[in-house]
Amino acid sequence: MLDLILKAFAYSGGIALTAAGITLIYMATRTFNFAHASMVGWGFYIVFAGYSLLGGTPYYYVPLAALFSGSLGILIYFGVNRHLLKAGASPITLMMSTLGADLILLASINIFTDYLTEVHKLNARYFVLELKDVSLGIADSVNIRGIPFVSLAVVILTIVGLHLFLTKTKFGIAVRATIENTSLATVLGISPERVYILSWFLGGALAGLGGGLLSLTISGYPTIGMTIIVTMFAGAIVGGLSSVFGSLFGGFLVGLSEYLGITGLSLTFGGWILAYRLIIPLAAMVLTLLLYPQGLAGIKIPKFMLKGSQVKSQSKEV
Amino acid sequence: MVFEIHPLILNILVNFAIGLIITVSLNLEVGIAGISQFGRVLAVITGAIVAAAIPGRLLASLIGLPSGVEYADHLINFKIVDQINKILAVNISLAVGILFFTLILAALLGAFIGYLCSYPALRLKEAYLGITLLAFGDVVNTIAWNVDPIAGGTQGVNVPDVFRWIGVGPERYLGVILILIGFGLVVFIFVERLIRSPFGRALKAMRDSEVAATVYGKDIVRLRAQALMVGGALAAIGGALWAFYTGSFKAVTYTRLTWTFWPWAYMMLGGIGNNLGMLVGVFAFSVIRTLIYAYKTELTAFIPISPQWFEYILVGLAIIVLVLFRPQGLFPEKPALTLPKEEIEKIRQRTKKE
């Protein structure tokens with residue numbers, strides 16, 4: 001039981017970070033980023049390659065994964081997104097463009113995997129890093145590993161860091177102003193370009209960070225991003241797509257309910273149900289969209305979660 | 001064998017025929033009706049499941065073989081389908097009857113799926129709707145992949161060969177492809193006629209401005225549901241034909257990449273909203289994809305990466321280049337002529353005189 005809860009927390013932490021990345025990019029540029037799948041996938045492979053080739057613990061390479069996926073984000077912004085934003089493209093066009101970017105990134109992951117397999121003779125097509133994690137001790141005959149705590153700590157640090165950045169720094173305030181009303185912010189001398197670059201970098205970095213941490217919980221393969229992107233989208237949408245903190249919460253909730261829910265169901269109905277774990281986040285997402293399109297952040301109770309609630313007035317097209 | 005056609009050309013033609021059906025149905029929903037359909041795979045896999053599960057069971061029960069849950073057991077299934085194929089090989093009318101019966105059933109179920117999709121399609125817009133439909137597609141795929149009794153689950157099932165009467169060797173291959181192209185062209189012409197009909201023009205009006213269409217008395221709820229039903233039915237026919245052509249069904253091959261995202265790329269190349277453009281878009285991509293696979297050894301010597309990834313990069317680049325430099329596609333949509341060209345010319349002459 002303890003083992004299960006710890007794993008669920010580690011998994012949910014990773015999903016929460018990736019969902020926050022999707023929301024950040026969506027809030028700033030109105031782009032549903034399909035390329036998030038491959039950015040998360042690269043997070044997995046940076047950690048795997050770094051650990052397998054250079055040694056140490058996998059944790060050393062998680063920041064590197066964040067940096068790498070962050071730069072991928074900047075690349076996508078300058079390569080595709082920037083021109084489309086300037087041309088005032090429709091949300092569907094923006095979404096399709098990231099799909100094209102995702103296909104190219106997916107191919108690049110596969111090529112990298114081929115390289116690792118052929119040149120370095122690694123089993124890169126399918127790997128499990130869970131056992132390489134540091135062990136903190138054994139309680140109730142459960143080997144307690146570091147990842148649940150690291151994962152939670154990273155989520156909390158992200159919340160605190162983003163909060164301080166968005167409320168205490170000048171640039172952070174400029175970011176919020178641009179998200180709320182781009183033209184008004186431009187009049188006041190804020191360059192929206194810088195905000196777009198930053199949000200693509202941070203969004204990508206959160207994807208890489210989430211992917212790097214998830215690689216210590218679930219097994220990795222080249223299309224891992226495509227498999228879990230539905231859960232990531234579900235987290236972002238349950239969180240309301242209008243507040244980074246909302247989607248961190250939403251991602252955490254979806255991750256937890258997927259991991260714990262399917263295990264609970266399998267205890268009642270038997271192991272066959274485990275194959276349907278994907279249906280839990282999908283159901284959560286579809287129900288949220290159909291019943292409560294504003295998501296969790298739209299619920300008016302927790303005031304501190306509503307940093308981005310004003311943005312909703314812009315995103316009414318739901 | 002009367003004459004021989006290079007297998008490469010046949011391969012291009014079969015990809016073209018199936019791709020055309022799927023892309024035309026997608027264009028009807030996206031290009032004409034303005035619904036962001038990101039779950040095309042949903043109707044396609046529904047059609048394929050019908051072809052995998054229904055005709056085989058029907059024939060098995062007719063000749064007294066197991067047709068219940070055990071039909072989908074992969075250890076028994078291939079023996080049953082083998083027996084069925086022997087009967088279909090000699091009984092042409094039965095085979096053709098089964099083919100059309102399955103296609104009609106697939107179309108009905110596809111239309112039903114489309115009707116179900118109209119519920120979210122009314123409440124959500126653009127990207128949100130796209131994500132929801134994409135999620136629906138994944139759910140059906142997960143179910144088909146995991147529930148063995150429907151269509152074999154992970155092992156898949158064999159699909160009765162309703163084209164066995166043509167032959168077994170290259171003749172069958174050629175015959176089936178000609179039939180598939182026939183179906184593709186019928187679907188294409190049907191949709192072309194549909195777009196030019198009052199119904200098609202109402203869809204376009206809805207796409208361009210819902211408010212204006214409502215003002216002129218068009219029922220948006222019904223129009224959307226109808227567009228999704230027609231599109232779903234056509235895509236399901238495409239899926240069923242693909243299952244009949246390959247002779248087997250495996251849920252894992254019906255991914256959102258192959259049956260949603262690639263048709264989107266075909267459609268964008270051809271020009272969203274222009275039915276004629278679909279012919280060009282699908283044909284161009286069919287040629288490119290087939291050639292990449294055919295010359296993979298030569299390609300690998302030239303570029304040291306696996307051709308599969310090369311294909312991904314190419315499709316991805318095509319999408320990005322199109323979106324950036326030619327978002328309207330190769331053949332942009334033109335205003336539809338409601339009268340024959342000569343009539344319009346006559347009217348123009350007349351108005352000039354006055």
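Q: Where does A:Arg30 lie in chain A, and why is this residue called partly exposed?
A: A:Arg30 lies in the loop between helix 1 (2-29) and helix 2 (36-54) of chain A; helices (H or I, at least four residues) and strands (E, at least two) are DSSP runs, numbered from the N terminus. A residue is buried if 20 or more other C-beta atoms, placed from the backbone, lie within 10 Å of its own, exposed if 12 or fewer do, and partly exposed in between. A:Arg30 has 17 C-beta neighbours inside 10 Å and therefore counts as partly exposed. This is a predicted model, in which local features need pLDDT of at least 70 and side-chain atom pairs count only at pLDDT 80 or more, whereas totals for chains, interfaces and linings use all residues. Residues are numbered from 1 along each chain as its sequence is written, and chains are lettered from A and ligands numbered from 1 in the order in which they are written.

Q: What marks the phi of A:Arg30, and what is the phi of A:Lys121?
A: Phi of A:Arg30 is near 60°, a positive value in a residue other than glycine. For A:Lys121, also not a glycine, phi is positive as well, near 55°.

Q: What makes A:Lys121 an exposed residue?
A: A:Lys121 sits in the loop between helix 4 and strand 1 (135-139) of chain A. With 8 C-beta neighbours inside 10 Å, A:Lys121 falls in the class of 12 or fewer, so this residue counts as exposed.

Q: How do you know that A:Leu216 is buried, and which residues does A:Leu216 touch?
A: A:Leu216 has 29 C-beta neighbours inside 10 Å, and therefore counts as buried. Its place is the loop between helix 8 (192-214) and helix 9 of chain A. Residues are in contact if their C-beta atoms, placed from the backbone, lie within 7 Å. Residues up to four places away in sequence aside, A:Leu216 touches A:Pro58, A:Leu129, A:Glu130, A:Asp133 and A:Ile147.

Q: Why is A:Ile104 called buried, and what does A:Ile104 contact?
A: A:Ile104, in helix 4 of chain A, has 21 C-beta neighbours inside 10 Å and so counts as buried. Leaving aside neighbours within four places in sequence, A:Ile104 is in contact with B:Ile313, B:Gly316 and B:Leu317.

Q: Why is chain B called as compact as a globular protein of its length?
A: Chain B has 15 helices and 2 strands. Its radius of gyration is 22 Å, close to the 20 Å that the globule rule gives for 354 residues, so chain B is as compact as a globular protein of that length. The radius is taken over C-alpha atoms, and the rule is 2.2 Å times the number of residues to the power 0.38. Of the 354 residues of chain B, 48% count as buried.

Q: What makes B:Asn91 partly exposed?
A: B:Asn91, in the loop between helix 3 (74-90) and helix 4 (92-123) of chain B, has 14 C-beta neighbours inside 10 Å and therefore counts as partly exposed.

Q: Where in chain B is confidence lowest, and where is it highest?
A: Confidence is lowest in helix 6 (residues 148-151) of chain B, at a mean of 67, and highest in helix 10 (residues 220-246) of chain B, at 91. The scale is pLDDT, the predictor's confidence in each residue, from 0 to 100. The mean pLDDT of chain B is 83, and 93% of its residues reach 70 or more.

Methods. Two residues are in contact if their C-beta atoms, placed from the backbone, lie within 7 Å.
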